[in-house]
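Subject: Structure handover, with notes

Hi there,

Here is the structure I promised to pass on to you. Please open it beside this message, and my notes on what turned up follow below.

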Amino acid sequence: MNKKLKVLVVDDATFMTKAISDLLESDPDIEVIGVANNGLEGLEKIKELKPDVITLDIDMPIMDGLQAVRHIMIESPVPIVVLSSLFSDGSITFEALRLGVVDFVAKPSGAISSDIHTAKQHIVDRIKLASEVNFQNIRRVRVNKQKKDEGLADLYGFHPLDYIIAIGTSLTGPNTFIRLMTRISAGLPTAAVILLEISPKILAAFAEKFNEFVHWKIEVARQGTVLEQGVCYIQSNMSSLTVGLNENGDPCFQLGERVEKPLDTFFKSAAEVFRENTVGVLLTGYGDDGSDGFAVIREKSGKTIAQSADTCVYPNLTDTAIKRKRVDVVAEEAQLADAIESVIR
């Protein structure tokens with residue numbers, strides 16, 4: 001008999017602790033070993049009960065969710081899945097992902113979500129994936145606010161757009177992606193586009209807050225938007241994102257319904273437009289998406305770069321592409337920015 005995943009539920013609303021516990025325990029592989037009504041109580045129960053994963057609300061008395069994440073990651077590290085209604089506050093979503101939570105799941109209808117059962121499978125899947133992370137590779141990202149009114153000529157739109165950096169990842173990707181973009185120069189003749197696993201509900205708020213901490217201009221990739229140099233575009237892999245040409249011959253985005261392999265679709269389209277000036281990048285993630293798209297980038301004489309599997313939170317995504325011999329450069333996370341810039345400069 002397989003060992004059940006031990007989960008601690010932290011939420012200040014009694015209704016939600018019971019609803020989330022019932023939801024999780026309806027899965028035969030999960031056991032809820034305790035509940036806590038604020039971050040401080042949660043921290044104490046983590047030390048006492050040693051769960052495999054915790055679910056964490058953000059808006060709680062005594063010690064809120066973000067304070068709890070900071071303490072947990074230092075004192076009693078454990079994979080965290082945030083379940084919160086505060087997804088529209090960019091400072092909260094960005095901070096939670098920066099600090100290293102595995103995922104930020106939006107409650108379907110507010111702090112007291114009587115319809116939480118509608119998100120049952122999504123939450124159960126997140127708990128199971130969170131239990132499989134290489135936890136030693138999760139680290140908080142240290143960032144400083146940037147003064148974007150200074151040195152404007154070195155920022156976006158003042159250089160030709162010659163290249164595209166096409167980046168793909170899945171769960172836990174935001175943490176790695178934040179760190180990567182703080183290290184790549186925004187003065188390169190390129191746009192950066194990231195397709196990652198993030199709820200569309202928190203995407204805009206996340207991008208707005210992230211924009212404060214990097215020299216790149218951070219925008220959500222929207223239908224018809226023409227790509228500009230120095231801009232980093234973000235989109236959720238719950239949509240199909242492709243790069244095409246508009247009636248003026250300018251590269252622009254096309255959004256569509258979700259597809260089975262969103263990274264393959266994205267990489268292939270980027271390679272068709274930018275050809276040898278395409279730099280494909282695969283970061284941490286689960287599944288085998290992206291490797292077929294990498295093959296097309298190489299066919300067009302572009303370059304493909306993958307994060308080394310031993311520095312990934314989930315190694316599957318990059319490991320698959322490496323084993324299929326679709327990768328030109330394998331780099332540790334700390335060396336990815338240099339590897340990308342060496343292709344473009």
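Thirteen residues, written as 13 in my notes, line the second largest pocket, and Val105, Ala106, His122, Ser199 and Lys201 are the ones nearest its centre. Please keep in mind that this is a predicted model. Two elements each give two or more residues to this lining: strand S5 (103–106) and helix H5 (120–130). Strand S5 supplies the largest share, with four residues. Sorted by class, the lining of the second largest pocket holds seven nonpolar, two polar and four charged residues. Its volume comes to about 170 Å³.

What volume does the largest pocket have? The space in it is about 230 Å³. Its lining is made up of 15 residues, and those closest to the centre are Glu197, Asn237, Pro262, Tyr286 and Asp289. By class, the largest pocket is lined by six charged, five nonpolar and four polar residues.

Now to the aromatic rings. A pair of them is described by how far apart the centres are and by the angle between the planes. Searching the whole structure turns up nine aromatic pairs. One of them joins Phe94 and Phe206: the ring centres are 5.8 Å apart and the planes meet at 40 degrees, so this pair counts as tilted. Phe94 belongs to helix H4 (residues 90–99) and Phe206 to helix H7 (residues 200–210), so the pair ties together parts that lie 112 residues apart in sequence.

Phe213 has a relative accessible area of 12%, so it counts as buried, the cut-off being under 20%.

Finally, a word on the backbone. Most residues other than glycine have a negative phi. Ile62 is not a glycine, yet its phi is positive, at about 70 degrees. You will find Ile62 in the loop between strand S3 (53–56) and helix H3 (65–75). Its relative accessibility is 69%, so Ile62 counts as exposed, the cut-off being over 50%.

Where is Lys325 found? Lys325 is in the loop that runs between helix H10 (316–323) and strand S14 (329–331). Its phi is near 60 degrees, again a positive value in a residue other than glycine. Lys325 counts as exposed because its relative accessibility is 67%.

Happy browsing, and do write back with any questions.

Best wishes

Note on methods:
Residues are numbered from 1 along each chain as its sequence is written. This is a predicted model: local features need pLDDT of at least 70, side-chain atom pairs count only at pLDDT 80 or more; totals for chains, interfaces and linings use all residues. Side-chain values use heavy atoms; hydrogens and water are left out. On a 1 Å grid over the protein atoms alone, a cavity is a set of points where a 1.4 Å probe fits but cannot get out, and a pocket is an open set with protein on both sides within 12 Å along at least five of seven lines; lining residues have an atom within 4 Å of a point. Grid points are joined across faces, edges and corners, and a volume is the space filled by probe spheres set on the points. Ala, Val, Leu, Ile, Met, Phe, Trp, Tyr, Cys and Pro count as nonpolar, Asp, Glu, Lys and Arg as charged, and the others, Gly among them, as polar. Rings of Phe, Tyr and Trp (its six-membered ring) pair if their centres lie within 6.5 Å; planes under 30 degrees apart count as stacked, over 60 as edge-to-face and the rest as tilted. Buried means under 20% relative accessible area, exposed over 50%, partly exposed in between (1.4 Å probe, protein chains only).
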